[in-house]
Amino acid sequence: MPSDDTAAPPSRGRSDPARAASADGVALERLALEARQDLGAFREIVLRTQAELVRYAARVLGSLSEAEDVVQEAYVKAHGALTRGEFDGRSRLRTWLYGIVTHGAIDVLRGGRRRRALHQRAASEAVTEQAPRAEAQLALHELRDWLAGLPPEQRATLVLKVIEGHSSREVAEILGCSEGAVEQRLVRARAALAAREVQA
Amino acid sequence: MSRESFDQRAARLARATAELAPGPAFTAAVLLAVRGIEPGVWTVLPQLGRRAALGFGLLALVAVGCAAASAGSVERALAGNFNQVELEW
């Protein structure tokens, strides 16, 4: 995945990022097995994946603080599933985590939770958020306005494929659908955005 | 000036949001939330095994014995003092 560079241990050589990403993936799968009984292993998983997951959720939701909430809930769900032995290893751990985060973000976008959370946070966001640089904050708001109005599944698909740079196969794995469905959602999302541009 | 294309806009927003990261307390908050749903002591105890359970049992017996012995000695001490008071009187 494209964001493996952030999760890979710093000791990895920069000359072969693919090998480093692959080794990191193997290490994550091993940690997933250990995390069934060892909270330390789960902590290591969190440390290796939190940056990319929060960034992804923030891009889908348009808010860093909401993204933190969604990712935290996703980790709680993931830990429960790992300790109960429900992660069967058919998908990679990172893909599986992306899937849980995506479902959480879609739920927030669909439900009233988002509106309620926005009301509660509107006043305090500037203080409580991790105060990213002004440029990043502006870009996040621009992204939110750009994707506003798209159905949540199309929004997540667009972010995963176009903004995050995942392959169609990876997006399909994360969303639990076919590659054809991914392409269809992308076409529809792009058409909807283009139509809005024309109207504007 | 030419208008920014879809792909150009997406690439620009991807670059501009690339540095977004969770706050410094995020990991701790996650682990705290995870610990909140960890199995309680009654679920964990049976997993400790027979030896550990035996050890806990012996420890509990010793503690009860010590408590009983100390209670007895207090009684005896009180009784002794009482007799002494009677004799003096």
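Guide: Gladly, and one caution comes before anything else: this is a predicted model. We could start with helix 10 of chain A, which spans residues 168-175 and is largely enclosed by the rest of the structure, because six of its eight residues are buried.

Visitor: Which residues of helix 10 of chain A are buried?

Guide: The buried ones are A:S168, A:E170, A:V171, A:A172, A:I174 and A:L175.

Visitor: Where is A:T157, and what is it in contact with?

Guide: A:T157 is found in helix 9 of chain A, and at 0% relative accessibility it counts as buried. Leaving aside its neighbours within four places in sequence, A:T157 is in contact with A:V171, A:L175, A:V182, A:R185 and A:L186.

Visitor: Back to A:E170, then. Which residue does it form a salt bridge with?

Guide: The partner of A:E170 is A:R92, with the closest N and O atoms 3.8 Å apart. A:E170 lies in helix 10 of chain A and A:R92 in the loop between helix 4 and helix 5, so the pair ties together parts that are 78 residues apart in sequence. A:E170 is buried, with a relative accessible area of 11%, whereas A:R92 counts as partly exposed at 38%.

Visitor: What about A:R48 and A:E44, how far apart are they in helix 3 of chain A?

Guide: A:R48 and A:E44 are four residues apart in helix 3 of chain A, so about one helical turn separates them. Their side chains meet in a salt bridge of 3.2 Å, N to O. A:R48 counts as buried at 16% relative accessibility, while A:E44 is partly exposed, with a relative accessible area of 29%.

Visitor: Changing topic: how many aromatic pairs does the whole structure have?

Guide: A search of the whole structure finds five aromatic pairs over all chains. Among them is the tilted pair of A:Y56 and A:Y98, with 5.2 Å centre to centre and 45° between the planes. A:Y56 lies in helix 3 and A:Y98 in helix 5 of chain A, so the pair ties together parts that are 42 residues apart in sequence. A:Y56 counts as buried at 0% relative accessibility, and A:Y98 counts as buried at 0% too.

Visitor: And which chains do A:Y75 and B:F26 join?

Guide: The rings of A:Y75 and B:F26 have their centres 6.5 Å apart and their planes at 55°, so the pair is tilted. A:Y75 lies in helix 4 of chain A and B:F26 in helix 2 (residues 26-36) of chain B, so two chains are joined by the pair. Together with A:F42, these residues form one aromatic cluster.

Visitor: How much area do chain A and chain B bury between them?

Guide: They bury about 2900 Å² between them, 67% of it on carbon and sulfur atoms. A:L39, A:E142 and A:W146 supply 19% of the area that chain A buries against chain B, more than any other three residues. The contact takes 35 residues from chain A and 27 residues from chain B.

Visitor: How many salt bridges are counted between chain A and chain B?

Guide: The count is four. In one salt bridge B:R12 meets A:E142, the closest N and O atoms being 2.6 Å apart, and a network of salt bridges links A:E142, A:E197, B:E4, B:R9 and B:R12. The interface also has eight residue pairs in polar contact.

Visitor: Which helix of chain A gives the most to the side that touches chain B?

Guide: Helix 3 of chain A gives the most, with 11 residues. By class, the side of chain A that touches chain B has 21 nonpolar, five polar and nine charged residues.

Methods
Residues numbered from 1 in each chain as written. Chains lettered and ligands numbered in written order. Predicted model: local features only at pLDDT ≥ 70, side-chain atom pairs only at ≥ 80, totals over all residues. Heavy atoms only, no water. Buried < 20%, exposed > 50% of the residue type's maximum accessible area, 1.4 Å probe, protein only. Contact = heavy atoms within 4.5 Å. Buried area = accessible area lost by both parts, 1.4 Å probe. Polar contact = N/O pair within 3.5 Å; in protein donor to acceptor, adjacent residues only side chain to side chain. Nonpolar A, V, L, I, M, F, W, Y, C, P; charged D, E, K, R; others polar. Phe/Tyr/Trp six-rings, centres within 6.5 Å; stacked < 30°, edge-to-face > 60°.
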